[in-house]
Amino acid sequence: MAEMVYRTLPHGGEKISVIGLGMGSIHHAGTREVEQTVRAALDAGVNLFDFIPSDAVAFEGYARALRGQRERAMLQIHLGADYSSGKYGWTTNAKVARREFEARLALLGTDYADFGFIHCIDEDADFDRVMNGGIWDYACRLKERGAIRHLAFSTHSVSIARRFLATGEMDLGMFSLNPMYDYTDESAYGKGATDERAALYREFERAGVGITVMKAFAGGQMLDERTSPFGRALTQAQCIQYALDRPGVVSVLPGVRGKWDLDDILAYLDASPEQRDYAELGKLVPVGGKPACVYCNHCQPCPQGIAIGLANKYYDLARLGDAMAADHYRELEHHASECVECGHCDKRCPFGVAQGARMGEIAAYFGE
């Protein structure tokens, strides 16, 4: 198997594996299988784990796997996940959230969470309750004491993500991200219009807040042509690559039911560029309004040597007020002003962007 690839957390500088491990379905495995799966993930270079199973039965195997090697794992532990019934539950009650968070730390034999998550907030009323009802203050106190290394949040909502980003305190956000949620209204998890979601990813990147991706396969719907809203299935490798190509994303955390699922997901590392290529989405995605560049680089190679995806990315970020993005653009070896409108990129863009015209727009913006 190819070596794991790592990305850098903007705030903190930790190296995070591009493949993480979700836990939503791990309770389907027995204790021994859970332990073996987590150990196999660690041995494969996975170092980011989301500690939020659907059933508390998974905890024992997880704890066993981490004994003696806690330093190899970065854990996402959630404030607002309630396992007092033995099953997953959700709460905005500060007393319950605190009790359950401390129970997770004790179970793992650790005195800190790498990422302390404000858990699964999708409504404004719940955001206000969490931020003003004790959970947020508790999280900040833990951060000051070092019991939480990084403050983080999870949501499915564009508007709620923006409210969290506006605090200026977050280092990481977990967001539901896949083509189905980005380009259709087929799911309640895909909250936010296409252009709003695309803009949000750039806002994460501009704020220096990493994204960890949940629901990369839309609960498996993207992997089956019978349930895919596009009438055609994508592979796991295509879905993972799609997520990793979005701005701000540092890791994708698919849920696994056991080691067999883990093996399937890690096969991404050995997949060829052709096997990861999701260009066919351009024929399937009903992009509303003006076609937008998603920085996928399917337009490459440019005959003039322009890094078209990066030029677009820095342009979009600069328009949002990111001064560093403008500097990064100017440091590119070739610039939009060098475009001769040969049409090569226009023909290759799977999303229908008129890149030749856009190069003129970018050159004008940067005064070239």
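Modeller: Happy to. The axes of helix α2 (residues 59-66) and helix α3 (residues 94-108) come within 9 Å and cross at roughly 50 degrees. This is a predicted model, where local features need pLDDT of at least 70, side-chain atom pairs count only at pLDDT 80 or more, and totals for chains, interfaces and linings use all residues. Residues are numbered from 1 along each chain as its sequence is written, and side-chain values use heavy atoms, with hydrogens and water left out.

Biologist: Which residues of α2 and α3 make the contact?

Modeller: From α2, F59, Y62, A63 and L66; from α3, R104, L107 and L108. Contact here means heavy atoms within 4.5 Å.

Biologist: Changing topic, how many aromatic pairs are there in the whole structure?

Modeller: The search finds 15. Rings of Phe, Tyr and Trp (its six-membered ring) pair if their centres lie within 6.5 Å; planes under 30 degrees apart count as stacked, over 60 as edge-to-face and the rest as tilted. F101 and Y138 have ring centres 6.5 Å apart and planes at 90 degrees, so they are edge-to-face.

Biologist: Where do F101 and Y138 lie?

Modeller: F101 is in helix α3 and Y138 in helix α5 (residues 135-145), so the pair ties together parts 37 residues apart in sequence.

Biologist: And what about the rings of Y329 and F366?

Modeller: Their centres are 4.0 Å apart and their planes at 10 degrees, so that pair is stacked.

Biologist: Which residues form the aromatic cluster?

Modeller: F49, F51, F59, Y62, Y83 and Y88 form one.

How values were computed:
Axes are lines fitted to C-alpha atoms, for helices over the stretch in contact, and angles run from 0 to 180 degrees between N-to-C directions. Helices (H or I, at least four residues) and strands (E, at least two) are DSSP runs, numbered from the N terminus.
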